[in-house]
Amino acid sequence: MNKVELIRKVEGLMPQSLVRAYRKSKRYLIWKNQLSSYSKELKRLRGTKEPLNVVFLVLSSSVWKYDSVYQLMEEDKRFNPLIIVCPAIDLAENQIILKMNQTYAYFANKGYNVIMACDENRDNYVSIELLSPDILFYASQWDKHFDERYRSTTLQKYLKCYVNYSFKNNPFEWSIASPFQGRMWMYFSECEDNRKLALSFNAHEFRNIHVVGYPIYDEIQVLEEKGADWKIQDKKHKRIIWAPHHSIEGHDGLIKLSTFLLYANTMKELAMKYADNVQFAFKPHPQLKTVLYMHPKWGQEKTDAYYEFWRSGKNTTVVDGAYADLFKSSDAMIHDCHSFVVEYLYVNKPVMFLANYDREGQSNAVGKKAFAAHYHGVSAEDIEKFITDVVVNDKDTMQSVRNEFYQNILVPPNGKTVAENIIDEISKALNI
């Protein structure tokens, strides 16, 4: 029995009120110790004339939201940025190195300064201390997915920063005001509404929040549209993304999302029906295929055949991985993905949300506003009407609502980019 299992067993024998009090006091003590460490580092670094070593700890390129921050630091003589690809220990053993290699290649192909945290045998781990970092940026808030060497609680002595890897639009404390986020030296928030929500959970810890905007804004602004994910056709069709979530069949988690089983056949039929004037990109959640493989009415053979339909059709395609260019080169999206509720609105194009549950009840203030900027679908007829009226015939009645949301929520503050806001906050705090 390991330490975690032992603690859980002991807690199971205790009254829940006592367990909550214990966890709250433990969180507070860890936070206070972290503040003490930050105080020492700030005294050492404040006013320094030497370039700051900034290390980005990354598990996967799919949650990397720091492109503009890294690039701006690379151009700034005050910073030396480095990316370290860490093993994601929540993955199956045979997937860990595969994911590391894929993530390393992603950054290497961009010409970034990147290293692997360990070798192919997961030996000879890189010591963070030997890298002499002054600031650490985490690309994920899930500390338990990192090897213990790279967790925020292990690397207590360094100044740590975090930007959410998805625009937070749910009301849950574990998502927007977790102990990890509270332990950061600087926690960079997307908007004022989310800052206030975090403070409502814990006013002491979340004095570390700075509203800077969400980094995908920077990426979309400078992205040169390529449309590389779409098939080349004789005449340009309207381009619609269909992005279903993986949480199928009454998912028991806190966020209930997926409508895939309801509309899997409908979307195939619509793709064939409108083959002459619409091209569809199937953008499933990365875990959907795995979930379908395990589903008693689907399994691997049926799932593979379904994906092949989208991959091989004359007006259909399957898209994995990065999606900024896919968004920018599209004309509309149909989805039920929590993170895309806000993110697609950065391209300010028509979007329909397919809901089979109380979507607003699982939204925070920003999520409710974003949801109100969507068309809403609860049937196959709704989907087809969206395709024909809104997309094909350009009868977009939600444009003004999206414009208002974009200006009031998505545009970063201070008339600057998100990366500029982040670097300004660091520079002011360190007097550099």
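User: How many disulfides does the rule count?
Analyst: The count comes to 0 disulfides, where a disulfide is a pair of cysteine sulfur atoms within 2.5 Å. This is a predicted model, in which local features need pLDDT of at least 70 and side-chain atom pairs count only at pLDDT 80 or more, while totals for chains, interfaces and linings use all residues. Residues are numbered from 1 along each chain as its sequence is written, and side-chain values use heavy atoms, with hydrogens and water left out.

User: OK, salt bridges now: how many?
Analyst: The count is 18 salt bridges, each a side-chain nitrogen of Lys or Arg within 4 Å of a carboxyl oxygen of Asp or Glu. One of them joins lysine 110 to aspartate 67, at 2.9 Å from N to O.

User: Where do lysine 110 and aspartate 67 lie?
Analyst: Lysine 110 is in the loop between α4 (93–109) and β3 (114–116), and aspartate 67 is in helix α3 (residues 67–75), so the pair ties together parts 43 residues apart in sequence. Helices (H or I, at least four residues) and strands (E, at least two) are DSSP runs, numbered from the N terminus. Lysine 110 is partly exposed at 35%, whereas aspartate 67 is buried at 10%.

Methods:
Buried < 20%, exposed > 50% of the residue type's maximum accessible area, 1.4 Å probe, protein only.
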